[in-house]
Amino acid sequence: MAGIVGAMNLMINLYNDDCLNVLPTLSDKSVDLIITSPPYNIGRSYNKYNDNRKDYVSWLIKIFNDCCRILKTDGHLFLNLSSTKNYPFACYKIAEQLDWQLQNNIIWAKSIEIDGYVRGYSTPTSSKRYLQNGWEHIFHFTKNGNTEIDLEWSGVPYNTDYNNAVRNEKRSGKSWRTTTTCWYYTYKSKATKEINRQITGDKLHPAIYPNSLVEKCIKVSGLKKGIVLDPFMGTGTTGLVAKKYNLNFTGIEIDQDYFEFAKQRINATY
């Protein structure tokens, strides 16, 4: 474990360990928000982790039920999972068997076709059977499925067209619209090898999510003060964004190389 004191006297605790070893040591109802993305279980090259578990579903159910124990009663769990070709129903089995309730099923559109053009990034496929997958789930769990969210902070402005914006504001009394359950967030450009290393590290972590996605989850939760946890910290994106919003952070990462890279990134962020 490495403790880091960041800006605004934040407490940031990072564990280089298996989350199944660390989570049981964390107190009941001690965390406000969990944002995380576990491995895909499709044979991705995660440095030293073998991304091919036969017990994948039961493994994640155990982990995230313990996460539910750790969360405060009014806490939020945002779980990024993908439906894969080899395990098309695994993510739904996991979501169905968690102790907490699914409050919002959000689609993260990573790549989308609009008016004949594909925008955004997704992993290319050479398959002659499957279309390229351009989306993933963000499952939003709460204790009973009725926890309030921050509609305004997570909202989006009306169209910049003046007449349309003014008309909608007069009609609703608001200058913003409630966000939908479909979010289009792209990755930071990987135009050069140097930019790629800045994002994924020398070991080239194969599955990162963009800062903007984490920001959106924080804004939906409305958390302005408290603790954010990521049990699959990877290269530390959740921690970077938590620190940006002056939130305490606890991160767990089993791989030492990813852990050291995440620690450096979070420590260097102000």
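Predicted model: local features only at pLDDT ≥ 70, side-chain atom pairs only at ≥ 80, totals over all residues.
User: Happy to dig in! Is Cys-67 buried or exposed?

Analyst: Residues are numbered from 1 along each chain as its sequence is written, and side-chain values use heavy atoms, leaving out hydrogens and water. Relative accessible area under 20% means buried, over 50% exposed, and in between partly exposed (1.4 Å probe, protein chains only). Cys-67 has 0% relative accessibility, so Cys-67 counts as buried.

User: Thanks! How many disulfides are there in the whole structure?

Analyst: A disulfide here is a pair of cysteine sulfur atoms within 2.5 Å. The closest cysteine sulfur to that of Cys-67 is in Cys-68, 7.0 Å away, which is too far for a bond. Across the whole structure, the number of disulfides found is zero.

User: At what angle do H6 and H7 pack?

Analyst: Helices are DSSP runs of H or I with at least four residues, strands are runs of E with at least two, and both are numbered from the N terminus. Axes are lines fitted to C-alpha atoms, for helices over the stretch in contact, with angles from 0 to 180 degrees between N-to-C directions. H6 covers residues 211-221 and H7 covers residues 237-244; their axes lie 9 Å apart, and the angle is about 55 degrees.

User: Why is H6 described as largely enclosed by the rest of the structure?

Analyst: The buried residues of H6 include Leu-213, Cys-217 and Val-220. H6 is largely enclosed because its buried residues number eight of the eleven.

User: Where is Lys-29 found, and is Lys-29 buried or exposed?

Analyst: Lys-29 has a positive phi, near 50 degrees, in a residue other than glycine. For background, most residues other than glycine have a negative phi. Lys-29 lies in the loop between helix H1 (19-22) and strand S3 (31-36). With a relative accessible area of 52%, Lys-29 is exposed.

User: One last one: what is the phi of Asn-246?

Analyst: Asn-246 sits in the loop between H7 and strand S15 (248-252). At 36% relative accessibility, Asn-246 counts as partly exposed. Its phi is positive, near 60 degrees.
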